[in-house]
Amino acid sequence: MDRNHYRFRSLWSLPAPAGPVYRALERIEDYPRWWPQVREVTRLDTTGGVARIRSVLPLDLTTTVREERRDPLAGVLEVRLSGDLDGWARWTVTPAGPGGTHARYDQEVDVRKPLLRRLAVPGRPLFHANHALMMRSGRRGLAAHLQAV
């Protein structure tokens, strides 16, 4: 196993219909409004942008996000990542009960940021915890955002 390779999966249960959840997730330039750890997104064009992310750890990750698949009927948004993180990420949005939605986030990346690569072995548990905190905060932020719109 490559110590700089990570796979993540998160499942968000949200109290909103699938359509509005999907529309919020496809607007990456709005993520900083509701997801505190997504500090900045600069659109490059209609299919990509550059995101700067910072969670509990005192370092920024900068990655270029490029749309690979946008399928509203299947509820799938998939992007290619390059930069400090190299790989892919996918949202799969499905209805869950009356007025609710599940948003599943899958990510598979290789870390390219030199400091994180040097800390790969001792830092791995901390990196996983950092990601979990970021995802928990993102779910709360999106839920509040969807209630406000």
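**Figure 1. Arg90 and its salt bridge to Glu78.** Arg90 is partly exposed, with a relative accessible area of 22%. In this predicted model, Arg90 forms a salt bridge with Glu78, and the closest N and O atoms are 2.9 Å apart. Arg90 belongs to strand β6 (residues 85–95) and Glu78 to strand β5 (residues 76–83), so the pair ties together parts that are twelve residues apart in sequence. Glu78 has a relative accessible area of 16% and is buried, because the limit for buried is under 20%.

**Figure 2. The salt bridge between Arg69 and Asp71.** The closest N and O atoms of Arg69 and Asp71 are 3.3 Å apart, and the two residues form a salt bridge. Arg69 is partly exposed at 37% relative accessibility. Asp71 is also partly exposed, at 23% relative accessibility. The count for the structure comes to 18 salt bridges.

**Figure 3. A network of salt bridges that includes Asp30 and Arg33.** Salt bridges link Arg27, Glu29, Asp30, Arg33 and Arg43 in a network. Within the view, Asp30 forms a salt bridge with Arg33, with 3.4 Å between the closest N and O atoms. Asp30 is buried, its relative accessible area being 9%. Arg33, in contrast, is exposed, with a relative accessible area of 68%.

Figure 4. The structure holds nine aromatic pairs. One of them joins Tyr6 and Phe127 in an edge-to-face arrangement, 6.4 Å centre to centre and with 65° between the planes. Tyr6 lies in strand β1 (residues 5–14) and Phe127 in helix α4 (residues 120–148), so the pair ties together parts that are 121 residues apart in sequence. Tyr6 is buried at 2% relative accessibility, and Phe127 is buried at 12%. The ring of Tyr6 also has the charged end of Arg124 over it, 4.1 Å from the ring centre.

**Figure 5. Trp12 in an aromatic cluster and in the largest nonpolar core.** Trp12, Tyr31, Trp34, Trp35, Trp91 and Tyr105 form one aromatic cluster. The largest nonpolar core has 40 residues, of which Trp12, Val21, Leu25, Tyr31, Trp35, Trp91 and Leu142 touch the most other members. Helix α4 supplies the largest share of this core, six residues. Leaving aside residues up to four places away in sequence, Trp12 touches Trp34, Trp35, Trp91, Thr101, His102, Ala103, Met135, Gly138, Arg139 and Leu142.

Figure 6. Val50 is located in strand β3 (residues 48–53). At 25% relative accessibility, Val50 is partly exposed. The C-alpha atoms of Val50 and Thr62 are separated by 6.9 Å, although the two residues are twelve residues apart along the chain. With residues up to four places away in sequence not counted, Val50 touches Glu40, Val41, Thr42, Leu44, Thr62, Thr63 and Thr64.

Terms used: Residues are numbered from 1 along each chain as its sequence is written. This is a predicted model: local features need pLDDT of at least 70, side-chain atom pairs count only at pLDDT 80 or more; totals for chains, interfaces and linings use all residues. Side-chain values use heavy atoms; hydrogens and water are left out. Rings of Phe, Tyr and Trp (its six-membered ring) pair if their centres lie within 6.5 Å; planes under 30 degrees apart count as stacked, over 60 as edge-to-face and the rest as tilted. Helices (H or I, at least four residues) and strands (E, at least two) are DSSP runs, numbered from the N terminus. Buried means under 20% relative accessible area, exposed over 50%, partly exposed in between (1.4 Å probe, protein chains only). A charge sits over a ring if NZ of Lys or CZ of Arg is within 6 Å of the ring centre and within 35 degrees of the ring normal. Contact means heavy atoms within 4.5 Å. A nonpolar core is a set of buried Ala, Val, Leu, Ile, Met, Phe, Trp, Tyr and Cys residues joined through side-chain atoms within 4.5 Å. A salt bridge is a side-chain nitrogen of Lys or Arg within 4 Å of a carboxyl oxygen of Asp or Glu.
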